[in-house]
Amino acid sequence: MRPPIDATSDDQHTHSLPDSYLRYEHRRYGMDHDRYEWSMLVKRKPVEWPNQARIALWVVPALEFFPLDTPVKPFKAQGGMVTPYPDLRHFTLREFGSRVGVFRVFEALDKRNIKATVAFNSEVARRYPFLMEEVTRRNWEVMAHGVDMAKLHYSGLDEAKEKAQVQESLSTLREMSGQPVRGWLSPARSESFATPDLVAAEGVEYMCDWINDDMPYPFHTKSGDVVAMPHQHWISDTTILFFYKQSGADFVQQVKDQFDTLYAEAGEHGGRIMALTIHPWMSGQAHRIGFLEEALDYLASKSDVWSATGSEIMDAWKAQQ
Amino acid sequence: MKSDPGLYDYLPYTQRPKIEWPNGAHIAFWVAPNVEYYELDGPSNPARQPWPKPRPDLVPYSERDFGNRVGHFRMMEAMDRCGVRGSVSLSVALCDHHPELIEECKKRDWEFFSHGIYNTRYSYNMNEAQERAILQDAIDTVQKHTGQRIAGYLAPALTHTERTMDLMAEYDFLYTCDLFHDDQPFPVNVKKGRLISVPYSLEMNDIIAYNQHFVTPRVYRDWLKLNFDRLFEEGKKSGTVMCIPLHAYAVGQAHRIAAFEEALKYITGHDKVWLATGREIAQYYYDNYYDETVAAIADHKKKYPPRVETGGGS
């Protein structure tokens, strides 16, 4: 996530800079763009969750399809293909999630009565309709997660194409789930400057890409405000186990620490949200599922926790604004 | 290009004037939160791009924004509980964007020093007039918003030119945080005037620990304690400096803050620790050790003349 600092040639320091480099067009109060207002979390009005719960627990398994022919440009989503074509090892390792891992994850949630909001690539639903039924029969929420992990949203993608991707994802998922599909998470959290407008135009009410808050806030689009939901990034299974390459025990510890901090803050500042993202291709492996279960045991053992879907949390928050 | 920047002379750790910090403290301890503003879509510098992916590169942009919206207060309150004032490494444009944050730091009598205008505007390729302009902008902006004349500098995103240190001395800065060659303050060779380096630290820097070394919050906590233990012990012979550079967007995450506070409690739970700011350490060093050290450098050079030019030949 770090901006690249490496030198790539010996003469990068021998250029000149136009004086416009010292002009600061957006140096003003608030943000340097118009998508949302500047706001400090501690200064906001406290929120109350149903039954005085301190924590809204929002568990988000992501069901992803990584095409074998994923292009290298503009960049590959985390978990994408690695070797020259055909990369059978990574293709199948990700497919493992939808064939085997997902059932371990769902069972772990069932046993602890934890609800899920399942982020679907629409291609997963089209390829494996059984998985959609597994979600809808539990009355869990279906959230749109784009088309697949190769169909990214980014500047440089033709806007008509991007619009078609948004519509394809939402229409497939709405038709197959019978749900309104109110939430959106972009593949790889990547957006173009137009993505929020395109997504909101299709009636989506909340988006989860931006990782700048621990609570919801209004996010401006051409079709009115949507709610930016705090879908935490640094505490997900792939961040800790795949990006940082830390251990399963380290994952459990950090989930517990995350919960404890948010729980303590909720005592002072009002309800908080604990979001946990799970990738079945990662956590669903036989040697890792036990760590996810241990983390979930900890969350399920706490009182004052409200297991809720993204829409339920958003509605409760909105009602108090 | 040079093979050595020539910014300091060689004086072995074991051969220096003995440093004694105020009240017999063994160690001067300071915490430097980086309070930064990154632009979503600012101009490009030919030497470095602000973001790795096509803009809007919202994951790294928004994670940094998290620091200002959420993480800063967690970090600040942990420091409050341990009685530690911050020395803020400030993207000075943040005074315009988020004055409320500046007020919170002011209320706590924190120090502000310059970390450039934005952390997405790099010094590389600036001509002298441009580099002077950003130093003056930083001095004026911080003066206007905080009443403080800045004394310290950490170049924006640690980007420099060959003239940066000379200009800092010319603009009456007391100290630079850009050099990582020592565990004690040390004179910096500049064309005119005086400048010293105050140990900042890349090793204890939260974002380096988390995002380069990929450590867990508890391992980071242990690194901080180990670094402190050794510097405290050695400080009994001659005073040392420990700095923890922070980024609220890293250390202020809910799963990290408690482990950090444990380390801070451990450090501040010791006697003989001087809880200082960068400016206080620099001023004390000028008042008590600068001249003596300069004399010791000359003396060492006579006894052990280097056979090649080092330290800029001063």
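Mentor: Let's start with B:Arg132, which forms a salt bridge with B:Glu128, their closest N and O atoms lying 2.9 Å apart. (A salt bridge here is a side-chain nitrogen of Lys or Arg within 4 Å of a carboxyl oxygen of Asp or Glu.) Keep in mind that this is a predicted model, so local features need pLDDT of at least 70 and side-chain atom pairs count only at pLDDT 80 or more, while totals for chains, interfaces and linings use all residues. As for labels, residues are numbered from 1 along each chain as its sequence is written, chains are lettered from A and ligands numbered from 1 in the order written, and side-chain values use heavy atoms, leaving out hydrogens and water.

Both partners sit in helix 4 (residues 128–146) of chain B, and because they are four residues apart, about one helical turn separates them. (Helices are DSSP runs of H or I with at least four residues, strands are runs of E with at least two, and both are numbered from the N terminus.) B:Arg132 is partly exposed at 21% relative accessible area, and B:Glu128 is partly exposed too, at 38%. Salt bridges can also chain up: through shared partners they join A:Lys43, B:Asp80, B:Glu104, B:Lys107 and B:Arg108 into one network. (For exposure, buried means under 20% relative accessible area, exposed over 50%, and partly exposed in between, with a 1.4 Å probe and protein chains only.)

Now hop over to chain A. A:Glu205 and A:Arg182 pair up by their side chains at 2.8 Å, N to O. A:Glu205 is in the loop between helix 5 (195–201) and strand 5 (206–207), and A:Arg182 is in the loop between helix 4 (159–177) and strand 4 (183–184), so this pair ties together parts of chain A that are 23 residues apart in sequence. A:Glu205 is partly exposed at 27%, whereas A:Arg182 is buried at 18%. Another salt bridge links the side chains of A:Glu134 and A:Arg138 at 3.2 Å, N to O; A:Glu134 is buried at 8%, and A:Arg138 is buried at 17%. Over all chains, the search turns up 42 salt bridges.

How about where the two chains meet? Contact (heavy atoms within 4.5 Å) takes in 64 residues from chain A and 70 from chain B. Seven salt bridges cross this interface, and one of them joins the side chains of A:Asp214 and B:Arg74 at 2.6 Å, N to O. On the side of chain A that touches chain B, helix 7 (residues 248–269) of chain A gives the largest share, eight residues.

Finally, peek inside. A:Thr117, in strand 2 (residues 117–120) of chain A, touches several residues, among them A:Trp58 and A:Met143. A:Thr117 is buried, at 0%.

Key: Lists of a residue's contacts leave out its neighbours within four places in sequence.
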